[in-house]
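Subject: Structure handover

Hello,

Here is the structure we talked about. Please open it first, then read on for what was found.

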Amino acid sequence: MKRLQGFYGSLGVPIFGIDGNHDQWYYKKTDAGLVVGEELEKRVKGYTHLGQDEGDLWVNKKIHIRLYHPGDGSAFTPGYKLQKYLDSLSGGEKPHIVFQGHYHKAHYMFYRNVHGFDSGTICGQTGWMRGKKIQAHMGFWTVKVYYDSKGVDRMQTEFYP
């Protein structure tokens, strides 16, 4: 925990996160009642826990960002699960931007007026993934968002493998 505190503290920017399936092991599988993101929020300066599986963040009251971590298996092609998620969103309630985790894929699409990202992964392919013949797209995104009174106007995205 001290390494996390030091790492996040050294960034000098607010950190927002959600719990994914591995984080929820302590809550769901062991019935210990521990929510990892809530503990991080208590212990790590600048960290805000937005929820389990998904959380919404508003930037400047204009940009609606959703962090989403599904729990199902990988798709046959990158972007398919993201497209299906964006299909499932109700018209008047869609966020401007979705960052989706879990699949360890990197993909961007603009679909149904939502900028959608498969976030990639900062860890390598696990033995379990290799056994299932699932790739891990290692790297991270930087995203520059331009907005106006209506919301997101345009974006610049870059993936760093």
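Helices and strands here are DSSP runs, numbered from the N terminus. A strand needs at least two residues, and a helix at least four. The model is predicted.

Start with two loops. His102 sits in the loop between S5 and strand S6 (106-111). His102 has a positive phi of about 85 degrees, yet is not a glycine. Lys61 is also not a glycine, and its phi is positive, about 60 degrees. Lys61 belongs to the loop between strand S3 (54-59) and S4. Its relative accessibility is 78%, so Lys61 counts as exposed. As background, most residues other than glycine have a negative phi.

The largest nonpolar core has twelve residues. They are Ile18, Leu57, Ile63, Ile65, Leu67, Ile97, Phe99, Ala106, Phe117, Trp141, Val152 and Met155. Strands S4 (63-68), S5 (97-100) and S9 (151-160) are the elements that each give two or more residues to this core. S4 provides the largest share, with three residues.

Phe117 deserves a look. Is Phe117 buried or exposed? It is buried, at 0% relative accessibility. Leaving out residues up to four places away in sequence, its contacts include Leu82, Ile97, Tyr108, Trp141 and Met155.

The aromatic rings come next. There are six aromatic pairs in the structure. In one of them, the ring centres of Tyr108 and Phe117 are 5.0 Å apart and the planes are at 50 degrees, so this pair is tilted. Tyr108 is partly exposed, with 31% relative accessible area. Ring pairs join Phe99, Tyr108, Phe117, Trp141 and Phe159 into a cluster. Elsewhere, Arg154 lies over the face of Tyr146, 4.0 Å from the ring centre.

Two more elements to check. Strand S1 (residues 15-19) has four of its five residues buried, so S1 is largely enclosed by the rest of the structure. S1 pairs with strand S2 (residues 47-52) in the parallel sense, over five bridges. Ile15 has Tyr47 as its bridge partner in S2.

Last, helix H3 (residues 36-43). Its buried residues are Val36, Gly37, Glu39 and Leu40. Viewed down the axis of H3, these buried residues fall within an arc of 160 degrees, so they line one face of the helix.

Best wishes

Notes. Residues numbered from 1 in each chain as written. Predicted model: local features only at pLDDT ≥ 70, side-chain atom pairs only at ≥ 80, totals over all residues. Heavy atoms only, no water. Core = buried A, V, L, I, M, F, W, Y, C linked by side-chain atoms within 4.5 Å. Buried < 20%, exposed > 50% of the residue type's maximum accessible area, 1.4 Å probe, protein only. Contact = heavy atoms within 4.5 Å. Arc of directions from axis to C-beta. Pairing = 2+ DSSP bridges. Phe/Tyr/Trp six-rings, centres within 6.5 Å; stacked < 30°, edge-to-face > 60°. Lys NZ or Arg CZ within 6 Å of the ring centre and 35° of its normal.
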